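Subject: Handing over the structure

Hi,

Here is the structure I promised to pass on to you.

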Amino acid sequence: MRLFLRLAFTFISFGFLVSCATSSDQVYKLYPGKIRPDSEVATLKFGPRVHEFIIDGMKVRRSDYGEIKINEGRHEISWGAEFMVSVMVNASGWDETSATKMVEFVAGHSYTVNADRTTGHGYQMYLWIEDAETGEVVAGINKQ
Amino acid sequence: MSKTGKQRIRVPKLLTAMLILQMAGCVIVPYPVSDEIVQADEHELLPSNGIEITDQVYVTVGPRELIDDVSKRIVKHNTDIKLVDPLLFRDTAFPNGGWSLKELLEPSNRMHVSEKLDVQYLVLLTPLLHEEGEEEGIFIPLAFGALSVSENSTLSAIIIDLRSGSVVTRLSSSSSGHGRLLYYVIYIVAADPMTESAVISGLSESIAQTLAAESHSGGLHVAVLALENLEEALQYREETTKREENLRSLRETAEQGDQEAQWTLFKMEPTEGNLIWLCRAADQGHVNARNELGELYFYGSDKYLELDNVYIPEDLARSCMWFNLAGYADITWQTDTDVDKQTPVPYGSPEVERTSRAMTAAELAEAKQLIEAWKPGQCDRDFSRLMIIDNAKDPALARICIAADHGDYSARDDLGRIYFLGSRGVKVDLPRSYMWYSLAADVRVTHGQKGGYTQTICDTITPEQRASSLQLLEAWKPGECEKDLFQ
């Protein structure tokens with residue numbers, strides 16, 4: 001009985017935790033016309049701490065799509081992130097940051113929309129978009 | 001068994017009991033949810049009443065999970081309804097992108113989609129909104145506490161008849177509940193899905209019933225998509241209207257010479273077009289406006305304001321002048337080299353402090369001259385010299401020119417290198433390269449640093465080119481750079 005309770009508790013806890021971190025493997029075709037090969041479009045992906053962004057006025061959530069395919073060229077993208085911080089720094093226990101950038105996306109390239117922070121006194125929050133192939137930061141400032 | 005041993009057993013048991021209770025709370029704590037469906041009155045369906053379809057209202061398949069969920073529930077309530085793939089609908093309706101609802105509702109477009117896909121109705125979902133009400137009680141996160149929170153979720157849908165272009169109805173579903181829970185964690189997990197599920201379920205049923213009532217007029221092929229920005233567009237319109245009225249009123253007052261209105265106008269829209277109001281307020285002695293100019297020259301426009309056609313380079317002398325005119329600190333008497341004469345004055349801001357400490361003797365002398373010569377209108381005259389010329393093909397190069405004219409060492413050095421290497425579309429011109437390196441060296445000497453040219457240009461330039469360069473140097477005056485590069 002004791003073993004059963006332990007197992008039940010473990011499974012319930014696991015389900016409880018993974019339900020908080022859903023992400024989709026669906027691909028969002030955010031360009032008009034027929035489906036084109038990856039070499040002709042740019043691909044956007046969510047970094048670990050980014051849950052949604054707005055590209056050219058269209059909101060995309062991590063829970064809905066894992067990858068977003070867009071036409072190459074300049075696009076306006078807005079994204080942000082929330083971080084838990086010490087209540088000694090911010091009474092709400094949270095801090096947030098957001099950015100809107102015009103970014104030139106190149107066909108055939110894959111980009112990750114990122115957010116991260118440093119910790120401790122004088123912590124900094126960073127938002128950046130990185131070319132997954134070259135590692136080049138195409139917008140924002142990355143956390144070193 | 002010893003007392004310590006008993007405690008060792010009790011602590012894990014207690015923790016396990018707490019966790020089990022917490023987990024069980026998710027399931028057994030009752031969470032009463034009520035839901036309500038509101039159908040808009042007929043007069044509210046007119047575009048002028050509530051739904052203003054602007055170019056910024058987009059049709060989207062972005063909230064995929066929500067669309068899928070509502071679609072499945074609609075079909076479950078009415079099996080006669082046939083769904084059209086939302087992505088296929090979007091791509092057919094918008095062959096060139098754009099995704100604007102206004103464009104879709106153009107008669108030729110909606111008829112084209114309706115006929116091509118044999119679809120009669122379009123259901124557009126608005127974003128699912130969730131609001132938290134007032135909290136009552138206290139809690140210690142991840143520990144014990146008693147908390148009561150009201151929750152409210154809303155979801156709306158617009159049903160459009162694609163053949164007539166009319167809005168059949170606008171439905172709004174809301175669900176509210178009130179949690180009385182023992183643990184903060186349970187509240188977060190339990191509340192949202194229950195009210196959200198209730199609104200999705202309630203709205204889907206209403207959509208199915210409405211479509212069933214419409215079915216006498218033909219088929220029931222339906223596309224379910226979502227609207228992007230409708231709520232934001234409505235809110236934006238309201239805010240924009242208020243803001244425009246406020247700006248209009250401020251502009252009238254500013255034109256009558258009210259310095260506070262002039263300052264507020266600039267702060268509300270800190271654009272290059274409104275720099276004139278900043279200048280006018282500063283001319284009249286507005287302290288904040290003068291301080292703003294001090295900071296603008298301290299940081300330079302690239303770091304402080306995003307201006308398209310005006311480039312303000314860092315200029316400590318002018319920064320000092322405006323801080324001084326603002327009366328924040330008597331920084332004109334403070335130098336690094338003349339420590340004995342420093343006046344201990346309170347600094348108005350970190351920028352004032354840094355300006356006073358960073359200034360060289362030459363910049364201090366220039367600042368003193370500027371302060372003595374200052375008169376109303378100076379601000380405008382300074383900005384007019386910082387305009388980026390219209391025909392500059394390379395704005396970055398135009399900014400370098402302005403900074404170089406302004407005595408910026410780095411910009412002059414850059415121009416020397418650009419003419420030496422022939423970069424940024426500029427042809428190699430060794431005399432001009434030598435001239436800009438010379439002007440850059442002048443800046444360093446003026447600032448008490450060691451001047452000098454890069455060895456490469458000295459090794460490369462011929463005596464004739466050097467002579468030509470000296471002639472250019474003698475004739476040089478601010479504005480030459482733009483003339484050479486863009487005219």
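Two strands count as paired here if DSSP finds at least two bridges between them. Please keep in mind that this is a predicted model.

**The sheet in chain A**

With that rule, six strands of chain A make up an open sheet, and their order is β1-β5-β2-β8-β9-β10. The pairing in this sheet is mixed. At its edges stand β1 (27–29) and β10 (137–140) of chain A, each with a single partner strand, so one side of each has no neighbour in the sheet. On average, neighbouring strands are turned by 25 degrees against each other, direction ignored.

Strand β2 of chain A (residues 42–46) shows both kinds of pairing. It runs antiparallel to β5(A), residues 67–70, and four bridges join the two.

Which side chains of β2(A) point to the buried face? They are A:Ala42, A:Leu44 and A:Phe46.

**Chain B in outline**

Chain B has 21 helices and eight strands. Of its 487 residues, 36% are buried. If you take the contacts between residues at least 6 apart in sequence, 69% of them join residues at least 24 apart.

**Two helices that cross**

In chain B, helix α3 (residues 86–93) and helix α5 (residues 107–117) have axes that come within 9 Å and cross at roughly 135 degrees. The two helices are therefore oblique to each other, and their crossing is right-handed. On the α3(B) side the contact is made by B:Leu88, B:Phe89, B:Thr92 and B:Ala93, which meet B:Asn109, B:Val113, B:Lys116 and B:Leu117 of α5(B). Five of these contact residues are nonpolar, two are polar and one is charged.

**An enclosed helix**

Helix α12 of chain B (residues 316–326) is largely enclosed by the rest of the structure, because ten of its eleven residues are buried. Among them are B:Arg318, B:Trp322 and B:Asn324. After α12(B) comes B:Gly327, with a positive phi near 80 degrees.

**A cysteine to look at**

Is B:Cys379 buried or exposed? A residue counts as buried with 20 or more other C-beta atoms within 10 Å of its own. B:Cys379 has 22 C-beta neighbours inside 10 Å, so this cysteine is buried. B:Cys379 sits in helix α15 of chain B (residues 378–384). Beyond its neighbours within four places in sequence, B:Cys379 is in contact with B:Cys279, B:Ala282, B:Asp283 and B:Leu293. The C-alpha atoms of B:Cys379 and B:Arg280 are separated by 8.4 Å, although these residues are 99 residues apart along the chain.

Happy browsing, and best wishes

Terms used:
Residues numbered from 1 in each chain as written. Chains lettered and ligands numbered in written order. Predicted model: local features only at pLDDT ≥ 70, side-chain atom pairs only at ≥ 80, totals over all residues. Axes fitted to C-alpha atoms, helices over the stretch in contact; angles between N-to-C directions. Parallel < 35°, antiparallel > 145°, perpendicular 65-115°, else oblique. Left-handed = near helix turned anticlockwise from the far one by under 90°. Contact = placed C-beta atoms within 7 Å. Nonpolar A, V, L, I, M, F, W, Y, C, P; charged D, E, K, R; others polar. Buried ≥ 20, exposed ≤ 12 C-beta atoms within 10 Å, placed from the backbone.
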